[in-house]
Amino acid sequence: MMRAFIGLFRRDLRLALRQGGDTGLVLGFFVLAVVLFPLGVGPEPAVLQRIGAGIVWVAALLAALLSLDRLFQSDYQDGGLELLALSSLPLELAVLAKCAAHWVATGLPLALTSPFLAFLVDLEPAAIPTLTLGLIIGTPALSLIGSVAAALTLGARRQGVLLSLLVLPLYVPPLVFGAGAVEASAAGTGARAHLLILGALSLAALPLCPWASAAALRQALE
Amino acid sequence: MPYNLVATRGKGGACRFSGGKVRGVPADTDLVAEDLACRRGERLVFAGLSFRLPPGGALVLTGTNGSGKTSLLRLLAGLIAPAAGRLAWGAAPIAGDFAEHRTRLHYVGHQDGVKPGLTPRETLVFWAALRGRELRREASTLDAALAAFALEPVADWPCRWLSAGQRRRLALARLLLIPALLWLLDEPIAALDHDNQRRLEQAIAQHRAASGRVVLATHITIEMDDAAGLVLDAFAPPPGDVAED
């Protein structure tokens, strides 16, 4: 079972990196979206500093969202999903393996790029580690919550739009506490509470979301 | 030898196919279907379907488009649940232990599940991993499966360069990678050329000689000794028949 889990994780990661598209596209979108804000709201450092954390987090959410529709779509279309359902791996764990690969291919690169983008929005230097740490802790929740919506919308027309409508409201808690952590740390009040809640969100999503996604996938296989 | 037609419509009227060289194997290892019905959406696709498939047996599903060949295969794989009736492996109902049933079978649907970004070799390693086998260091097993369908020349190409027939052969190579008791094949010869059809027939014959079972849906006549035929149109409910729960 462990072998099947690792095998699936490794294949998904390999596909994401080899096709280049996935990780590169997500990072490109993330950088461009953040760069657009100073151009739009003007270069006053005071304004950017005030909204910088929010900008980076919103851009990260949208970038993660961008890659979600591909999480199960290609497996669904080419019959790979049936093979997953017939493998020695319970579908819940298969979802978990796919989410883990999705996180390594998107969430983690987003978090690691965030310090550079923090300079673009003139974030308080003291708050930059909090931003990166918050993204590392919070992006697993984005992948996991997104997997439920991706599984539910399988086979739907205009999947991408439906997916965004389903998933963005669910992304509000990670956004609130992620951006909140950066602001708290810039204000010098300590971000520990925010980061703990962010971690709690990811930990709660860890067992719940694969379970819900697997149920939706079974529905899609009918 | 062409396959002969044995199964008939009737409630519970199961018929036993003799499976060539494995006559006399106790019946408790048969794959048993009793009075199966399948519903897709509101429509009852077939009903009252019964058969027994002993070790070494082969069952060829034929029927018009939409008569339920794929549905029956997916049902036998446990991917969908029957609307009525019972499926059992010997005495043990399959519905009771899908995890066990999955390890017994190979299902090759009409979609190949081949990812354009991986090579055939990587694809086979992944498929073996899904069944709990680590083959990255067992090159001989991989090479044997690739060779059985003459895939060696393209073994390290990305699958996006493969033709439809080559992808299909890669999907079929999965059958030989890890032994399984039951092969469920959906239109396996579609897209295969003459030579590769022979290779598949040979693989099926070897599988059956080792007491393996095959259920396959096809439009094209395939050479198989002692196979039973099942024409699904015979089990279509009369128009207006209401599905019972």
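Which residue in the turn of the hairpin formed by S5(B) and S6(B) has a positive phi? The residue is Gly90(B), with a phi of about 65 degrees, and two residues lie between the strands of this hairpin. The model is predicted.

**Chain B overall**

- Chain B contains six helices and 10 strands.
- Chain B has 245 residues, of which 44% count as buried.
- Of the contacts in chain B that link residues at least 6 apart in sequence, 76% are between residues at least 24 apart.

**Strand pairing in chain B**

- Strand S2 (residues 31-40) and strand S5 (residues 84-89) of chain B run antiparallel and are joined by five bridges.
- In this pairing Val32(B) is placed opposite Ala88(B) of S5(B).
- S5(B) also pairs with strand S6 (residues 92-93) of chain B, in the antiparallel sense and over two bridges.
- Opposite Trp89(B) stands Ala92(B) of S6(B).

- Most residues other than glycine have a negative phi.
- Asp35(B) has a positive phi, near 55 degrees, and is not a glycine.
- Asp35(B) belongs to S2(B), the strand that pairs with S5(B).
- With 17 other C-beta atoms within 10 Å, Asp35(B) is partly exposed, since the partly exposed class lies between the limits of 12 or fewer for exposed and 20 or more for buried.
- Ala150(B), also not a glycine, has a positive phi of about 55 degrees.
- Ala150(B) is found in the loop between helix H4 (139-148) and H5 of chain B.
- Ala150(B) is partly exposed because 14 other C-beta atoms lie within 10 Å.

**Crossing of H3 and H5 in chain B**

- The axes of H3(B) and helix H5 (residues 164-177) of chain B approach within 10 Å and cross at roughly 45 degrees.
- This angle makes H3(B) oblique to H5(B), as it falls between the limit of under 35 degrees for roughly parallel and the range of 65 to 115 for roughly perpendicular.
- The crossing of H3(B) with H5(B) is right-handed.
- H3(B) contributes Pro120(B), Thr123(B), Leu124(B), Trp127(B) and Ala128(B) to the contact, and H5(B) contributes Leu170(B), Ala173(B), Arg174(B) and Leu177(B).
- By class, seven residues in this contact are nonpolar, one is polar and one is charged.

**Crossing of H3 and H9 in chain A**

- In chain A, the axes of helix H3 (residues 45-68) and helix H9 (residues 172-186) come within 9 Å and cross at roughly 150 degrees.
- H3(A) and H9(A) are therefore roughly antiparallel, the class for angles over 145 degrees.
- H3(A) crosses H9(A) in the right-handed sense.
- The contact is formed by Ala53(A), Gly54(A), Trp57(A), Val58(A) and Leu61(A) from H3(A), with Leu175(A), Gly178(A), Ala179(A), Val182(A) and Glu183(A) from H9(A).
- This contact has seven nonpolar, two polar and one charged residues.

**Contact between chains A and B**

- Chain A and chain B each give 21 residues to the contact.
- On the chain B side, the elements that give two or more residues are helix H2 (98-104) and helix H3 (120-130).
- H3(B) gives the most to this side, with four residues.
- The side of chain B that touches chain A comprises 10 nonpolar, six polar and five charged residues.

Conventions
Residues are numbered from 1 along each chain as its sequence is written. Chains are lettered from A and ligands numbered from 1 in the order in which they are written. This is a predicted model: local features need pLDDT of at least 70, side-chain atom pairs count only at pLDDT 80 or more; totals for chains, interfaces and linings use all residues. Two residues are in contact if their C-beta atoms, placed from the backbone, lie within 7 Å. Ala, Val, Leu, Ile, Met, Phe, Trp, Tyr, Cys and Pro count as nonpolar, Asp, Glu, Lys and Arg as charged, and the others, Gly among them, as polar. Axes are lines fitted to C-alpha atoms, for helices over the stretch in contact, and angles run from 0 to 180 degrees between N-to-C directions. A crossing is left-handed if the near helix is turned anticlockwise from the far one by less than a right angle, and right-handed if clockwise. Two strands pair if DSSP finds at least two bridges between them.
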